[in-house]
Protein chains: 2
Amino acid sequence: MSTLYHYPLCPHSRFVRLALGEYGVPLDLAEERVWERRHGFLVLNPAGETPVLVEPELPAIAGPGPIAEYLDEAHGPALDERRLLPSDRAARIEVRRLLDWFNRKFYEEVSQPLLHEKVYKRFMPTEIGGGAPEMPALRAAKANVRYHLRYLGHLLAHRNWIAADRLTYADLAAAAHLSVVDYLGDVPWDENEAARAWYARLKSRPSFRPLLGEIVRGVTPPPAYADLDF
Amino acid sequence: MSTLYHYPLCPHSRFVRLALGEYGVPLDLAEERVWERRHGFLVLNPAGETPVLVEPELPAIAGPGPIAEYLDEAHGPALDERRLLPSDRAARIEVRRLLDWFNRKFYEEVSQPLLHEKVYKRFMPTEIGGGAPEMPALRAAKANVRYHLRYLGHLLAHRNWIAADRLTYADLAAAAHLSVVDYLGDVPWDENEAARAWYARLKSRPSFRPLLGEIVRGVTPPPAYADLDF
């Protein structure tokens, strides 16, 4: 059995859980609070970040990009049309471009600052940076999310899914990051109907259900967060 | 013929040039100053970042990770022992882990802040953030480089190259980032002999030569930068 070290509101962990859910790979989940810098976890991943996938007889696989590539090599070829990184070369380029867009650019500009200010700083001791959220960082992230929402709408004007004519890693990464921002109440869905309709389709997939049921103590999501008809 | 949109001191561009050099892929180079946000470049890569690889009859390939995966799919299987992402599954995991370490973690903690403060801000108009370097950011990056150098030394205590018993993408990414920091005079090579000896081996490879000869106007590297016996 595989084990995934994750944190419930870590968007990269959510992306990997969605991918494994779509592939139907059974999984043990182990919650890791990276700010505690637990020795056993740092041995698994010296970078000290979630997610980390531990598979029998392989080194630990760390980070959303390396895990996505590994899963594609291990499971992809047998999955045919359900493969989340399509075998066509041009499609692989577009999926990887958008995977990188959300896991790096959206993360830096939106999900990471919001999580850091609103969640992680609440649990961190003050001597390593814990404390109240800083308003300029929150304001910048909330402005950035609108630009990314427009970009999603632009992509969806030409396609049913964001990178191809079917579900790919790119949709799962985008939805994973947005789901965390949505948990924090910061996605202005009213501003883009195409993005809202696409997210509603993803939210109703069985792979999404376990994520929507999880609550982080002390951080309550808005009522619409787990509502399929938001 | 392929075209690479790059910037001479962009470490991710350098990584791709080294990989293409090792594979012997001929290449047209086009210099791109990303801070100018040229429309034609934003059409190629909406993220507005170098490197971007343009190949005949394919969409533009953006970013060091997606380019590395594409090159492996296009050229890797025929290269056998010269493949920079080895075909063994455990080795691929370790190479991708370290590729991500340098292209993301080292970049955030060392090469990006040094480049931003010492180079990009010099060329950027003040209204978009140009100006004199900020000392706290420089000090933090210079402290971080020592920790990464120790980590390199730790990896090299068990192996000839950092991810495997032969040259891989991981060595090229690490060397690309360090070469930029070295151009700025900020690598304390004296502190780790194993890391210095490994970098000397990389520096003497033919793929490295074109990089060492390039000078960015107004930013002069220290004398040891291009010296193979530093």
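Contact here means heavy atoms within 4.5 Å, and among the contacts in chain A between residues at least 6 apart in sequence, 70% join residues at least 24 apart. This is a predicted model, in which local features need pLDDT of at least 70 and side-chain atom pairs count only at pLDDT 80 or more, while totals for chains, interfaces and linings use all residues. Residues are numbered from 1 along each chain as its sequence is written, chains are lettered from A and ligands numbered from 1 in the order in which they are written, and side-chain values use heavy atoms, with hydrogens and water left out.

**Fold and dimensions of chain A**
- Chain A has 8 helices and 4 strands, where helices (H or I, at least four residues) and strands (E, at least two) are DSSP runs numbered from the N terminus.
- From the N terminus on, these elements follow the order β-α-β-α-β-β-α-α-α-α-α-α.
- The radius of gyration of chain A, 17 Å, agrees with the value near 17 Å for a compact globule of 230 residues; it is taken over C-alpha atoms, and the globule rule is 2.2 Å times the number of residues to the power 0.38.
- Taken along the principal axes, the C-alpha atoms of chain A fill a box of roughly 50 × 45 × 25 Å.

**Burial in chain A**
- Of the 230 residues of chain A, 56% count as buried, that is, under 20% relative accessible area, with exposed meaning over 50% and partly exposed in between (1.4 Å probe, protein chains only).

**Aromatic pairs**
- Over all chains the structure holds 28 aromatic pairs, for which rings of Phe, Tyr and Trp (its six-membered ring) must have centres within 6.5 Å, with planes under 30 degrees apart counted as stacked, over 60 as edge-to-face and the rest as tilted.
- The rings of B:Phe15 and B:Tyr169 form an edge-to-face pair, because their planes stand at 70°, with the centres 5.6 Å apart.
- Since B:Phe15 lies in helix H1 (residues 11-23) of chain B and B:Tyr169 in helix H6 (residues 169-183) of chain B, the pair ties together parts that are 154 residues apart in sequence.
- B:Phe15 is buried at 1% relative accessibility, and B:Tyr169 is buried at 0%.
- In chain A, one aromatic cluster is formed by A:Trp189, A:Trp198, A:Tyr199, A:Phe208 and A:Phe230.

**Surroundings of B:Trp161**
- B:Trp161 is placed in the loop between helix H5 (135-156) and H6 of chain B, and it is buried, with a relative accessible area of 11%.
- Leaving aside neighbours within four places in sequence, B:Trp161 is in contact with residues including B:Leu167, B:Asp171, B:Trp198 and B:Arg205.
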